[in-house]
Amino acid sequence: MPHREQDSEKLLTPAEVAELFRVDPKTVTRWAKAGKLNSIRTLGGHRRYRESEIRQLLDGVGETARMRQAT
């Protein structure tokens, strides 16, 4: 079976994502249920998030904050 880059991408737990956004892990789960974050389910049913997607979102949040401060 060919190795795909997506398969080797680091996955983050809800707690790790929450720490990056400075919110409660339950908030991250609510965002995923609402479709605001894409999640992957493990075989045990736990949610995991692609690090690259989370980093893109964080970059967007930071840019929005900078724009608000500039005005």
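**Hairpin, sheet and helix pair**

Guide: In this predicted model, S2 and S3 form a hairpin with five residues between them. Within the turn, glycine 45 has a positive phi of about 90 degrees.

Visitor: Which residue of S3 is the bridge partner of arginine 41?

Guide: Strand S2 covers residues 40–41, and strand S3 covers residues 47–50. The two strands pair in the antiparallel sense over two bridges. In S3, the partner of arginine 41 is arginine 47.

Visitor: Which residues does histidine 46 touch, not counting residues up to four places away in sequence?

Guide: Histidine 46 lies in the loop between S2 and S3. Its C-alpha is 8.5 Å from that of threonine 13, although 33 residues separate histidine 46 and threonine 13 in sequence. With residues up to four places away in sequence left out, histidine 46 touches Ile40 and Arg41.

Visitor: Which strands stand at the edges of the sheet?

Guide: The sheet is open, has three strands and shows antiparallel pairing, in the order S1-S3-S2. Each edge strand has a single partner strand, so one side of each is left without a neighbour in the sheet. The edge strands are S1 and S2.

Visitor: Which residues form the covered face of S3?

Guide: In a regular strand, side chains alternate between the two faces of the sheet. On S3, the uncovered face has Arg48 and Arg50. The covered face has Arg47 and Tyr49.

Visitor: How are the axes of H2 and H3 oriented, roughly parallel or roughly perpendicular?

Guide: Helix H2 spans residues 14–21 and helix H3 spans residues 25–33. Their axes come within 8 Å and cross at roughly 100 degrees. Angles of 65 to 115 degrees count as roughly perpendicular. The orientation of H2 to H3 is therefore roughly perpendicular.

Visitor: How many residues of the contact of H2 with H3 are nonpolar?

Guide: H2 contributes Pro14, Ala15, Val17, Ala18 and Phe21, while H3 contributes Pro25, Val28 and Trp31. The contact has no polar and no charged residues. The number of nonpolar residues is eight.

Visitor: What arc around the axis of H2 do its buried residues cover?

Guide: The buried residues in H2 are Pro14, Val17, Ala18 and Phe21. They lie on the same side of H2, because the arc that they cover around the axis is only 100 degrees.

Visitor: What pattern does the chain follow along the sequence?

Guide: The secondary structure comes to four helices and three strands. Just after H2, arginine 22 takes a positive phi of about 60 degrees. Read along the sequence, the pattern is α-β-α-α-β-β-α.

Visitor: What percentage of the residues of the chain count as buried?

Guide: To count as buried, a residue must have under 20% relative accessible area. Of the 71 residues of the chain, the buried ones make up 18%.

Note on methods:
Residues are numbered from 1 along each chain as its sequence is written. This is a predicted model: local features need pLDDT of at least 70, side-chain atom pairs count only at pLDDT 80 or more; totals for chains, interfaces and linings use all residues. Side-chain values use heavy atoms; hydrogens and water are left out. Axes are lines fitted to C-alpha atoms, for helices over the stretch in contact, and angles run from 0 to 180 degrees between N-to-C directions. Angles under 35 degrees count as roughly parallel, over 145 as roughly antiparallel, 65 to 115 as roughly perpendicular and the rest as oblique. Contact means heavy atoms within 4.5 Å. Ala, Val, Leu, Ile, Met, Phe, Trp, Tyr, Cys and Pro count as nonpolar, Asp, Glu, Lys and Arg as charged, and the others, Gly among them, as polar. Buried means under 20% relative accessible area, exposed over 50%, partly exposed in between (1.4 Å probe, protein chains only). The arc is that of the directions from the helix axis to the C-beta atoms. Two strands pair if DSSP finds at least two bridges between them.
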